[in-house]
Amino acid sequence: MIEKRLAALRALLVNEQLDAVIVTKYVNLHYFSGFRGDDTTLVISAERAVLVTDSRYTEQAKMQAPLYELVEQKDGLLQKTADVVKEIGCQKVGFEGNALIYDDFAKLTELMPGVEFKTPLKLDVLREIKDSTEIKLIRKACGIADAAFEDILGFIRPGVTELAVAARMEGKMRELGAEEPAFKTIVASGLRGALPHGIATDKTIGQGELVTLDFGAMYKGYCSDMTRTICVGKADERQREIYEAVLSAQKLALTLIKPGAAGKAVDAAAREELDRHGLGEYFGHGLGHSLGLEIHEAPRLSRLSTCEALVPGMLITDEPGVYIPGWGGIRIEDTVLVTETGSEALISSDKELIEL
Ligand code: ZN
Ligand code: ZN
């Protein structure tokens, strides 16, 4: 698994005519080595794979990154990283343009005189298509989220706060093996439902309110992401109408997620479906995003998507929403796997309107 990832990375080095790359982004340290910690760099060349860390992590790195030569630094991470580059004899070295902060870039440039250090690489692209190990972990993270949703239905009632709901969901996910929530749990009730990213507050949930729950589990580093909107009590006509429109857009998009589909096209179809119900103007964000080691990854389903064709093994969310200021909001979201023949929703919780 790590061998394959290193091979893909080395092919990129050949393409870019680089001797090595310095990996610094937390999730990419994990992806390319197996190591999970910070304050660490990887120096990867055609022949060598070196992990530079400090004494806090040496034992852990031995266990988690057995394919790497370990170098323990005592006088500074960047100094030691530069020393490794020099020792390998690299002339041209790439870096992660979206992860190496400017001060560290400047310092490394200073520490490696004579080395050409000016090529930013997009290593995240190599993580877009998930391997079977990753899909298994994401499937598990989705199962944990599903179980937390089932559990919370028995807890939500008028008078409990959004924060209490979030705490219970996060606790349940941990009980089931999650390391932490994949992101800050969103519990947006009543008028707050109009906030697409309304993280839980001390607001009390009221009778007749819609509650949007957007949450996920992180399992062994991998994220899940799901949203359900439920009604506390019997839904009124407008709540039900808008719910059905969002659900119809969500289900339509699910049928369109398949190999070859363009990110813009799937997004446009969901948008048109909401337009047909006169709700298009209330759907501000993109339809979906990929996820894996990070909660938001490329490719995207949106008006600005650059994804020309989905590929089997990609993960994508399908999450249309309607947000009406002064009324509230509804969103329904599944984490979806692109398969050889179409797609599979990895979230299995019921999507029909639940009235508690
Ligand atoms: Zn979400
Ligand atoms: Zn999402």
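Reply: For accessibility, a residue counts as buried under 20% relative accessible area, as exposed over 50% and as partly exposed in between, using a 1.4 Å probe and protein chains only. This is a predicted model, in which local features need pLDDT of at least 70 and side-chain atom pairs count only at pLDDT 80 or more, while totals for chains, interfaces and linings use all residues; side-chain values use heavy atoms, with hydrogens and water left out. Residues are numbered from 1 along each chain as its sequence is written, with chains lettered from A and ligands numbered from 1 in the order in which they are written.

Me: Then D202, is that buried or exposed?

Reply: D202 counts as exposed, because its relative accessibility is 60%. D202 sits in the loop between strand 8 (186–189) and strand 9, where helices (H or I, at least four residues) and strands (E, at least two) are DSSP runs numbered from the N terminus.

Me: And what does D202 touch?

Reply: Leaving out residues up to four places away in sequence, D202 touches T161 and L163, with contact meaning heavy atoms within 4.5 Å. The C-alpha atoms of D202 and G284 are separated by 26 Å, and these two residues are 82 apart along the chain.

Me: Now the metals. Which residues coordinate the zinc ion (ligand 1)?

Reply: The zinc ion (ligand 1) is coordinated at 2.0 to 2.6 Å by D214 (OD), D214 (OD), D225 (OD) and E333 (OE). Donors here are N, O and S atoms within 2.8 Å of the metal (3.2 Å for Na, K and Ca), and water is not among the atoms, so sites may look incomplete.

Me: What are the angles at that zinc ion (ligand 1)?

Reply: The angles among its four donor atoms run from 55 to 150 degrees, and the site of the zinc ion (ligand 1) is irregular. Four donors count as tetrahedral if all angles lie between 85 and 135 degrees, whereas four count as square planar and six as octahedral if opposite donors are over 155 degrees apart and all others between 65 and 115, and anything else is irregular. Along the chain, the donors of the zinc ion (ligand 1) follow the spacing D-x10-D-x107-E. D214 belongs to strand 9 (residues 210–215) and E333 to the loop between strand 17 and strand 18, so this pair ties together parts 119 residues apart in sequence. D214 and E333 are both buried.

Me: Which residues coordinate the zinc ion (ligand 2)?

Reply: D225 (OD), H289 (NE2), E319 (OE) and E333 (OE) coordinate the zinc ion (ligand 2), at 2.1 to 2.2 Å. This arrangement is irregular because the four donor atoms around the zinc ion (ligand 2) subtend angles of 77 to 150 degrees. The donors of the zinc ion (ligand 2) are spaced as D-x63-H-x29-E-x13-E along the chain. H289, in strand 13 (residues 288–290), and E333, in the loop between strand 17 (328–331) and strand 18 (334–338), are 44 residues apart, and the pair links distant parts of the chain. H289 is buried, as is E333.

Me: How many Å apart are the zinc ion (ligand 2) and the zinc ion (ligand 1)?

Reply: The two zinc ions are 3.1 Å apart, and D225 coordinates both.

Me: Changing topic to helices, at what angle do helix 6 and helix 7 pack?

Reply: Helix 6 (residues 132–152) and helix 7 (residues 162–175) pack at about 135 degrees, with axes 9 Å apart. Axes are lines fitted to C-alpha atoms, for helices over the stretch in contact, and angles run from 0 to 180 degrees between N-to-C directions. The angle therefore makes helix 6 oblique to helix 7, given that angles under 35 degrees count as roughly parallel, over 145 as roughly antiparallel, 65 to 115 as roughly perpendicular and the rest as oblique. The contact is made by I144, A145, A148, D151 and I152 of helix 6 together with V165, R168, M169, K172 and M173 of helix 7.

Me: Last one: where is Q17, and what is its phi?

Reply: Q17 is in the loop between helix 1 (2–15) and strand 1 (20–23), and its phi is near 55 degrees, a positive value in a residue other than glycine. Q17 counts as exposed because its relative accessibility is 59%. K220 also is not a glycine and has a positive phi, of about 45 degrees.
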